[in-house]
Amino acid sequence: MNAFVFRAEQFVARPLDEVFEFFSEAENLQQLTPEWLHFRILSVEPSPVRTGTIIRYSLRWRIFPIHWTSEIVFWDPPHGFVDEQRKGPYKLWHHEHRFAAEGNGTRITDEVRYALPFGVLGRVAHEFKVKKDVQAIFNYRKAAVERIFGTGELI
């Protein structure tokens, strides 16, 4: 399987525990997701989030409704967690969220390994559309994190 890797980092001038707490609450995912995806959490079981938690959502990509199920497969507060798609549009979706205290704040790192179905057609779709959509989603996420926590600059 040919997996793609997307990586993003940003710094926020907020304490590690506060930043992790925000990201550990599944309900906050909606604040980090662009409106054009029509994202909605359907269930989080069990809650609070921990290893084994299953999160079900619905969203819409273009005109296509999608039901997505992910599982938290690794939970290490306040340093990170990993979610993996169990049902959804990707052949593979492995999203590692890392948080590290750094100076006066927290470094947030997202690393996603993902693969599309449909072999060569999936790779072509990735080059022409999916790669740009993944980048756009994480650009939105970065801006949302800046709105919530600030730009990383001390005021």
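Helices (H or I, at least four residues) and strands (E, at least two) are DSSP runs, numbered from the N terminus. The structure described here is a predicted model, in which local features need pLDDT of at least 70 and side-chain atom pairs count only at pLDDT 80 or more, while totals for chains, interfaces and linings use all residues. Residues are numbered from 1 along each chain as its sequence is written, and side-chain values use heavy atoms, with hydrogens and water left out.

## The sheet and its helices

An open sheet is formed by 7 strands in the order 1-7-6-5-4-3-2, with antiparallel pairing. Two strands are said to pair if DSSP finds at least two bridges between them. The edges are strand 1 (4-12) and strand 2 (40-45), each of which pairs on one side only. On average, neighbouring strands of this sheet are turned by 20 degrees against each other, direction ignored. Such angles run from 0 to 180 degrees between N-to-C directions, and the axes are lines fitted to C-alpha atoms, for helices over the stretch in contact.

Strand 3 (residues 54-61) and strand 4 (residues 64-76) run antiparallel and are joined by 8 bridges. The bridge partner of Trp61 is Phe64, in strand 4.

Helix 1 (residues 16-24) packs on the sheet and touches strand 1, strand 4, strand 5 (80-87), strand 6 (92-102) and strand 7 (105-115). The direction of helix 1 makes about 160 degrees with that of strand 6. Contact here means heavy atoms within 4.5 Å. Helix 2 (residues 119-149) also packs on the sheet, touching strand 1, strand 3, strand 6 and strand 7. The direction of helix 2 makes about 15 degrees with that of strand 1.

The side chains of His95 and Asp110 are joined by a polar contact of 2.7 Å. A polar contact is a pair of N or O atoms within 3.5 Å; within protein, one must be able to donate a hydrogen and the other to accept it, and residues adjacent in sequence count only if both atoms are side-chain atoms. Not counting residues up to four places away in sequence, His95 touches several residues, including Phe81, Val112, Phe138 and Arg141.

A nonpolar core is a set of buried Ala, Val, Leu, Ile, Met, Phe, Trp, Tyr and Cys residues joined through side-chain atoms within 4.5 Å. The largest such core has 34 residues, and those with the most contacts inside it are Phe23, Tyr90, Phe99 and Tyr114. Two or more residues of this core come from each of strand 1, helix 1, strand 3, strand 4, strand 6, strand 7 and helix 2. Helix 2 gives the largest share, 6 residues. Not counting residues up to four places away in sequence, Phe23 touches Leu32, Phe81, Phe99, Ile108, Arg141, Val145 and Phe149.

## Salt bridges

A salt bridge is a side-chain nitrogen of Lys or Arg within 4 Å of a carboxyl oxygen of Asp or Glu. By this rule the count comes to 12 salt bridges. The table gives examples.

| Residues | N to O distance |
|---|---|
| Arg107 and Glu9 | 3.7 Å |
| Glu71 and Arg86 | 2.8 Å |
| Glu96 and Arg98 | 3.0 Å |

Arg107 lies in strand 7 and Glu9 in strand 1, so this pair ties together parts that are 98 residues apart in sequence. Arg107 is partly exposed at 23% relative accessibility, and Glu9 is partly exposed at 38%. Both belong to a network of salt bridges that links Arg7, Glu9, Glu102, Arg107 and Glu111. Glu71 in strand 4 and Arg86 in strand 5 are 15 residues apart, and their pair links distant parts of the chain.

## Backbone features in the loops

The loop between strand 2 and strand 3 holds Pro46 and Pro48. A cis peptide bond joins Glu45 and Pro46, with omega about -10 degrees. Another cis peptide bond joins Ser47 and Pro48, where omega is about 5 degrees.

His38, in the loop between helix 1 and strand 2, has a phi near 50 degrees, a positive value in a residue other than glycine. Arg62, in the loop between strand 3 and strand 4, has a positive phi near 55 degrees. His38 is partly exposed, with a relative accessible area of 43%, and Arg62 is partly exposed at 38% relative accessibility.

How values were computed: Buried < 20%, exposed > 50% of the residue type's maximum accessible area, 1.4 Å probe, protein only.
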